[in-house]
Amino acid sequence: MRKQLVKEVEKSFKDHFETEPLLVFSPGRINLIGEHTDYNDGFAFPAAINKGIVLAISKNGSNNSTVYALNKEELYKFSNDNIRPIEDGGWRNYIIGVVAELQLFGKPVGNFNAVFAGNIPGGAGMSSSAALENSFVFGLNELFNLGLTKNEMILISQKAEHNYAGVKCGIMDQYASMFGVKNSALFLDCRTVEAEPYKIDFKNYKLMLINSNVKHDLSESAYNDRRAVCEKVSNLMQVKALRDASKEDLMRIKEDITEEDYQKALYVINENERVKLFSEAINRYDIEALGDLLYQSHEGLSTNYKVSCEELDFLVEKAKENDAVLGARMMGGGFGGCTINLILKSEFKDFKKDISKKFKKSFGKECSIYSVKLSQGTHIIN
Ligand code: GLA
């Protein structure tokens, strides 16, 4: 599947620009556990996957840069000078954001031609935006010999997301996409921005992603609101981030904050703990414990942190009713996208059929089911 995508992108590039491009693959990500912990300096457990963005890129001698989004069949020409975020600019903002943030970092780039396409389902919570940002920062670093480290590159990608897409995201997505390791998930410390790869082998179980195919509108503002609450509560506790607080610390200021804010901070403190428990359970091959932690995580995301939605709660409830599923939870920022499920390999097909039918019956629309491979991070293909 990826080979086909590479072929199409390469061909389109040659048709448009009649030169040989540099080809980059940048993956999307899943997250086993540790949701909304990254911007709290906490822990997360993401992995790069075998779906992503293919970018073909080369320098050009002209006064403009030209980018063609192959999936959307949209062409965009821009000047590298005076870049500003574009209102409702969609994919364009990620690219000009990367160019502008490189300039601010003291690494301006020359003009370039590019074609990109991807196979990450949009709005699925699998970080197609981080994959896109990383593909460009990686490709530009290579083309213009910027000498950036991968850590510097992901900070540029993150800033593009903050300042051009308007989402004050943490570092998990960009990290996982850039640093992914084959067959492994990354136990990521979002404060030090360092990770330990864990080989993932769930024995008779495997991961199943179920895409609700919904993306509720409020997701961006609600995301930024959550982040603001976390910062407000940690300021009150006089800690740098919620990662540094215990439940007892939070209890001490309970009277000074609203019940909603208390519940949200409590969720983050608990979730951060769950990531550590998850890593220990992996080391013990305790698959049942992993499943329990997934269900607990969903419960917290849904009732305390309030970033789930009817469709996601439904998918997790139905998973609970099936003995073949050990655990499930919503994945990513929330308000739509996927659930991640730990399911007996031998029951994958049956559960797929069953859940698809039930989802259709309840919501009158289809859900989509994927299985993914844990894969290498952003890299050059040719
Ligand atoms: C989005 C953000 C990430 C992270 C997750 C929630 O994917 O981009 O930084 O906060 O939501 O865990």
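How many salt bridges does a search of the whole structure find? I ran the search on this predicted model and recorded 22 salt bridges.

**Entry 1: salt bridges within helices**

I began with helix α1, which spans residues 2-17. Here I found a salt bridge between the side chains of lysine 11 and aspartate 15, with an N to O distance of 2.8 Å. The two residues are four apart in the helix, so about one helical turn separates them. I also looked up the cover of lysine 11: its relative accessibility is 52%, and the residue counts as exposed because the cut-off for that class is over 50%.

I then turned to helix α8, residues 259-283. Glutamate 273 and lysine 276 form a side-chain salt bridge there, at 3.5 Å from N to O. Their spacing is three residues, which again means a separation of about one helical turn. I noted glutamate 273 as partly exposed at 40% relative accessible area, and lysine 276 as partly exposed at 29%.

**Entry 2: further salt bridges**

I recorded a salt bridge between the side chains of arginine 284 and aspartate 286, with 2.9 Å between N and O. Aspartate 286 has a relative accessibility of 26% and counts as partly exposed. I also noted a network in which salt bridges link Asp41, Arg191, Lys240 and Asp244.

**Entry 3: the positive patch**

Which residues form a positive surface patch? I listed Lys349, Lys352, Lys353, Lys357 and Lys361. I followed up lysine 349 and located this residue in helix α11, residues 348-363. Lysine 349 is exposed, with a relative accessible area of 68%.

Is strand β1 mostly covered or mostly open? I found that β1, residues 22-31, is mostly covered, with 10 of its 10 residues buried. I examined isoleucine 30, which is placed in β1. Isoleucine 30 has a relative accessible area of 0% and is therefore buried. I also computed a separation for this residue: isoleucine 30 and lysine 264 are 234 residues apart in sequence, and their C-alpha atoms are 23 Å apart in space.

Next I looked up the pairing of β1. With strand β3, residues 46-59, β1 runs antiparallel, and nine bridges join the two. With strand β13, residues 379-380, the pairing is likewise antiparallel, over two bridges.

**Entry 4: positive phi outside glycine**

Finally, I looked up two backbone angles. Glutamate 18 is not a glycine, yet has a positive phi near 55 degrees. I located glutamate 18 in the loop between α1 and β1. The residue is exposed, at 69% relative accessible area.

Asparagine 183, also a residue other than glycine, has a positive phi of about 60 degrees. I placed asparagine 183 in the loop between α5 (172-179) and β7 (184-189). Its relative accessibility is 39%, and asparagine 183 counts as partly exposed.

Methods
Residues numbered from 1 in each chain as written. Predicted model: local features only at pLDDT ≥ 70, side-chain atom pairs only at ≥ 80, totals over all residues. Heavy atoms only, no water. Patch = residues over 30% accessible without salt bridge, like charges linked within 9 Å, V, L, I, M, F, W, Y side chains within 5 Å. Areas by Shrake-Rupley, 256 points an atom, 1.4 Å probe, with all protein chains shown as cover. Salt bridge = Lys/Arg side-chain N within 4 Å of Asp/Glu carboxyl O. Lys, Arg positive; Asp, Glu negative; His and termini not counted. Charge placed at Lys NZ, Arg CZ, Asp CG, Glu CD. Buried < 20%, exposed > 50% of the residue type's maximum accessible area, 1.4 Å probe, protein only. Pairing = 2+ DSSP bridges.
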